[in-house]
Amino acid sequence: MAFHLIFAALLSFAATVAEPEPAIGAWEQVHGDGTVSTLIVTDKHFSVAHYDREPAKFLSTRGGSWSVGEDGALRLNWEFSTDQPEIIGTTHTPSFRLDDDTMFVDDQTWKRIDHGAPGALDGAWLMTGRKRDGEIQTRMPGARRTMKILSGTRFQWIAYNVETQEFSGTGGGTYTTEDGKYTENIEFFSRDNATVGKSLEFRYDLVDGVWHHDGKSSKGDPMYEVWSPRSKVGI
């Protein structure tokens, strides 16, 4: 599938429309073989996941950041890709048509899922800390990153290394934020397909724009994570 063309067209539209940016949010594509691709676009980052819902099976993921040059050309900066690792670290410059909530790119058709609402955590985040022995230990991500990217209803986390091209894992699905509770409903998980179908509930709080995340992992282990907006981290 020409994912790079799809992203290029999608983000090209977002870059040329300042108010509002109709490409930001979540999109879905159902393929002829029954598999699904979901796309999340934030103001500067994007990710796509390709998976099978029945039986549950993760297939691939790719994404990174996007920018617009002084010449007005869109640039896609690939940070991770499981199906084409050779593109990691490269930049692709690309075309398209948006008709209300349907996007057409070549022979590809994307249907909108949301516009970046109603969830309170839409954006791209990097893990910058964990609580251990009652104390929060911070870490600034470099080449090795764990990113969580969210639209208004969908989430995906990805662990990867932009230098070694190593991919450590990913998972995603739908989420809600209600009354201080963040709930993930898992639709794909690269490390264990048996995790699909679980719902994980966490307490969450935004402290000076930083996301504190407290609950139990898919294995039932206690966890307390700290996530910072990528704009704060600077990468």
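Strand E10 supplies the largest share of the lining of the second largest pocket, three residues. This is a predicted model, in which local features need pLDDT of at least 70, side-chain atom pairs count only at pLDDT 80 or more, and totals for chains, interfaces and linings use all residues. Residues are numbered from 1 along each chain as its sequence is written, and side-chain values use heavy atoms, with hydrogens and water left out. Helices (H or I, at least four residues) and strands (E, at least two) are DSSP runs, numbered from the N terminus.

The second largest pocket holds about 260 Å³ of space. A pocket is defined on a 1 Å grid over the protein atoms alone, as an open set of points with protein on both sides within 12 Å along at least five of seven lines; a cavity is a set of points where a 1.4 Å probe fits but cannot get out, and lining residues have an atom within 4 Å of a point. Grid points are joined across faces, edges and corners, and a volume is the space filled by probe spheres set on the points. The second largest pocket is lined by 19 residues, and Thr 42, Asp 43, Lys 44, His 45 and Ala 124 are the closest to its centre. Two or more lining residues come from each of E10 and helix H2 (230-233). By class, this lining has seven nonpolar, eight polar and four charged residues. Here Ala, Val, Leu, Ile, Met, Phe, Trp, Tyr, Cys and Pro count as nonpolar, Asp, Glu, Lys and Arg as charged, and the others, Gly among them, as polar.

The largest pocket has a volume of about 840 Å³. Its lining is made of 33 residues, and those nearest the centre are Arg 130, Trp 157, Arg 191, Met 223 and Glu 225. The elements that give two or more residues to this lining are E10, strand E12 (144-150), E13, strand E14 (167-178), strand E15 (181-189), strand E16 (199-207) and strand E18 (222-229). The lining of the largest pocket divides into 13 nonpolar, eight polar and twelve charged residues.

The largest cavity has a volume of about 40 Å³. Among the residues that line it are Glu 79, Phe 80, Ser 81, Tyr 160 and Asn 161. Strand E5 (74-81) and strand E13 (154-161) are the elements that give two or more residues to this lining, and E5 gives the most, with three. Four nonpolar, four polar and two charged residues make up the lining of the largest cavity.

The backbone has some sites to look at in the loops. A cis peptide bond with omega of about 0° joins Glu 54 and Pro 55, and Pro 55 lies in the loop between strand E3 (45-53) and strand E4 (56-68). Another cis peptide bond joins Ala 117 and Pro 118, with omega of about 15°. Pro 118 is in the loop between strand E9 (108-114) and strand E10 (123-132).

Asp 100 is not a glycine, yet its phi is positive, near 55°. Asp 100 sits in the loop between strand E7 (97-99) and strand E8 (102-105), and is exposed, with a relative accessible area of 66%. Exposed means over 50% relative accessible area, buried under 20%, and partly exposed in between (1.4 Å probe, protein chains only). Asp 133 also has a positive phi, near 55°. Asp 133 is found in the loop between E10 and strand E11 (135-138), and is exposed, with a relative accessible area of 83%.
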